[in-house]
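Here's a quick briefing to read with the model open on your screen. Have a look at the sequence and the fold, then work through the topics below.

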Amino acid sequence: MAQTVIDTANHIAAYAAKAARVQVIAAYPITPQTSIVERIAELVESGEFDAEYIRVESEHSAMAACIGAAAAGARTFTATAAHGLVLMHEPMHWASGSRLPIVMPVANRALGPGWNIWADSTDSMSQRDTGWIQFYCADNQEVFDTIIQAYKLCENERILLPAMVCLEAFILTHTYMPVKIPDQEKIDDFLPHYKPNWILDVSNPLSHGNILSPEWYMEFRYMMQESMENAKQLIPEIDKEYSKHFGFEHGGLVDKYKCDDADLILLTVGTIGSEAKVAVDNLRREGLKIGSARIRVFRPFPKEEIRKLAENAQMFAVIDRGISFGMEGFIAEETKASLCSQNDRPLIAGFIAGLGGRDVTFKTIEKIAKKSAEWMQRGRIEKETVWVDLKE
Amino acid sequence: MTVIQEFEKHPLAKYLRAERFPHIWCEGCGDGIILHCFVKALDDLAVDIDKFVVVSGIGCIGRAAGYVKCDSFHTTHGRPIALATGIKLANPKLTVAVLSGDGDLFAIGGNHFIHAARRNVDLTVICSNNFNYGMTGGQSGPTTPLDSYTTTTPYGNIEHPFNLVHLAAAAGSVYVARWTVLHVRRLAESIKKALRKKGFKFIEVISPCPEIYGRRNKLGKAIDIMKLYRQISEIRHGYDPAKAEITREKIVVGEFIDIEKPTYGELLQKQFIKIQQKLSEG
């Protein structure tokens, strides 16, 4: 029997690692991720979770240890946030370049200075070019399901890339919600034992990280790009297959809500997407034809889905809890880039909201939507990027 | 009387930022005592606070950089010594002190520690050692004793801890001392001595963490931990730091190393003059 537990998303992430039968965990504490690896440490030490837990001395070492473990053929896991993630930047390139299917929850937290431990997606989104697949979750159930799905995806021989599963600081990490944890045998059926295509093996020695000359470097990078393209096809398939097994489906690449007849579409990420559904319902009652599309996967970016959504919509209002300084919000940028080759494009306005953990409630989103609807009726936007509720 | 007015009556208040108080440290934490000894040393030495910089990293004691009323930098995890080295070399007239914890200085930042000690950069490094990562809730770290309990070693730690004074001495520190927060007067004197001396100076301060490490290891209340310090600490100046391992039965404290050696800044200056002379000679 599937079991329903009420727990924080961090503990749920730990249970997902256990359910995925992860073999090696290497981690370093950092708020607000710490309780993921603390719970794992408890489970491993008590013998409930058959894995090796390495208490490393920094996140840089955590990722290096994961690379070693994955290269030796183990299903590998770590978790981090903010400064820990950006300290990992160098070995993250090595994890993807070595084609190792490591899965890592990232508790999205603001980067300093000034010190701030609250929600902000600039930490993970600024890692977009590391070759990692990036998932963003909207509730605790999705955190569990996505970790299982991520292993299924990453270990597929058409992918062989690492993935991060992002959950916003405190809004998810420390918030209790009921989550259904399926039977272990059923999870084992869905996600069989990891069988790597190559491993470090004394009887069949191979060498990682050798010189790759200009003659072949591009070809290896092209293969990574191909895998990212493959992921766009596999992610929705795996999500569907998961739902057949366990009942939950999270929208594949983009979680769409009332988008079919919508003139105005809110493009969001993470928990802002859950709040956006409330705003959509409220505004629909007022007669606005509005929908919400929550970007579930940021890398590979679902540009084909964005183009499909753009076919019938008059306007996109993009809400980013992060900023690429000198340009605009990450999702706004990618949305525009996805549409520039299209002839018929909706209006696009970017909204920067909730940086450093400021609340983005359905009320904030309704305000954004009303401003956007006004611009949509006029047929032009007044501002390319709006900083919502900025104290000036 | 407002809280700030009350605060400013304290004789050492001029070294602290009243608006930052109350501090974040738990009841019974040793970090307040360390900060007190530190500012008392500044006061006793009549340090020119305009030429004094405090750098800290991440961890409970890291907040100290925000509490002292001088130029200060609360930097990223593990990097205070690297950052302090930059400050000292950019402006050698400044006196630079690092206040940080065992996790920050010896795990994620361990490399910076040994290399600054090796180069003999003119810095005073004070480490609050509470045997775990207190700020994130008590995980095991580089000084966690064998067999002790933390959130990541719920059945006891199996990793050997660093003997920090031995590490500091082996890496080349010119001054190495260890105290507990019970040794208030000696600690303040030790900080004064370190601040007056040139080169890489290291003071380890054993500090109670009654709320987290203490609770998990059943060490009792803060007062019990202080009593334990009185019971098991033994002052032995000049003792071989290699033999000064901390055990459940004994904490050897005192000044272990006090030597003279040219600092990195002095050698840099000398090299600069040498090259200038060579160039002018053609």
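Predicted model: local features only at pLDDT ≥ 70, side-chain atom pairs only at ≥ 80, totals over all residues.

Residues are numbered from 1 along each chain as its sequence is written, chains are lettered from A and ligands numbered from 1 in the order in which they are written, and side-chain values use heavy atoms, with hydrogens and water left out.

**Chain B as a whole**

- Chain B has eleven helices and eight strands; these are DSSP runs numbered from the N terminus, with helices being H or I of at least four residues and strands being E of at least two.
- The radius of gyration of chain B is 19 Å, close to the 19 Å that the globule rule gives for 282 residues, so chain B is as compact as a globular protein of that length. (The radius is taken over C-alpha atoms, and the rule is 2.2 Å times the number of residues to the power 0.38.)
- Along its principal axes, the C-alpha trace of chain B spans about 70 × 50 × 30 Å.
- Of the 282 residues in chain B, 50% count as buried. (Buried means under 20% relative accessible area, exposed means over 50%, and partly exposed is in between, with a 1.4 Å probe and protein chains only.)
- Take the contacts in chain B between residues at least 6 apart in sequence: 67% of them join residues at least 24 apart. (Contact means heavy atoms within 4.5 Å.)
- (Areas come from the Shrake-Rupley method with a 1.4 Å probe; for residues, only the protein chains shown count as cover.)

**Where chain B meets chain A**

- On the chain B side 21 residues are in contact with 18 residues of chain A.
- The two chains, B and A, bury about 1500 Å² between them, 60% of it on carbon and sulfur atoms. (Buried area is the accessible area, with a 1.4 Å probe, that two parts lose on being put together, summed over both.)
- B:T136, B:T152 and B:Y155 supply 29% of the area that chain B buries against chain A, more than any other three residues.
- How many salt bridges does the rule find across the interface of chain B and chain A? It finds zero. (A salt bridge is a side-chain nitrogen of Lys or Arg within 4 Å of a carboxyl oxygen of Asp or Glu.)

**Salt bridges**

- Side chains of opposite charge can pair when their charged atoms come close.
- Over all chains, a search of the whole structure turns up 43 salt bridges.
- One of them pairs A:R75 with A:E155, with the closest N and O atoms 2.7 Å apart. The two sit 80 residues apart, A:R75 in the loop between α3 and β4 and A:E155 in the loop between α7 and β7 of chain A. Both A:R75 and A:E155 are buried.
- Another joins A:E286 to A:K370 at 3.7 Å between the closest N and O atoms. A:E286 is in the loop between α10 and β11 of chain A, while A:K370 is in helix α13, 84 residues apart. A:E286 counts as exposed at 54% relative accessibility, and A:K370 is partly exposed at 42%.
- In chain B, B:K250 and B:E234 meet in a salt bridge (3.9 Å, N to O).
- A:E142, A:D239, A:D255, A:K277, A:R294 and A:R296 are linked in a salt-bridge network.

**A nonpolar patch on chain A**

- A:L212, A:W216, A:Y217, A:F220 and A:M223 make a nonpolar surface patch of about 480 Å². (Patch residues have over 30% relative accessible area and no salt bridge; like charges are joined within 9 Å, and nonpolar side chains, meaning Val, Leu, Ile, Met, Phe, Trp and Tyr, within 5 Å.)
- A:Y217 is in helix α9 of chain A and is partly exposed, with a relative accessible area of 40%.

- The peptide bond from A:R299 to A:P300 is cis, with omega near -5 degrees, and A:P300 is in the loop between β12 and α11 of chain A.
- The bond from B:F21 to B:P22 is cis too, with omega near 5 degrees; B:P22 is in the loop between α1 and α2 of chain B.
- A:A82 has a positive phi of about 35 degrees although it is not a glycine. A:A82 is in helix α4 of chain A and is buried, with a relative accessible area of 0%.
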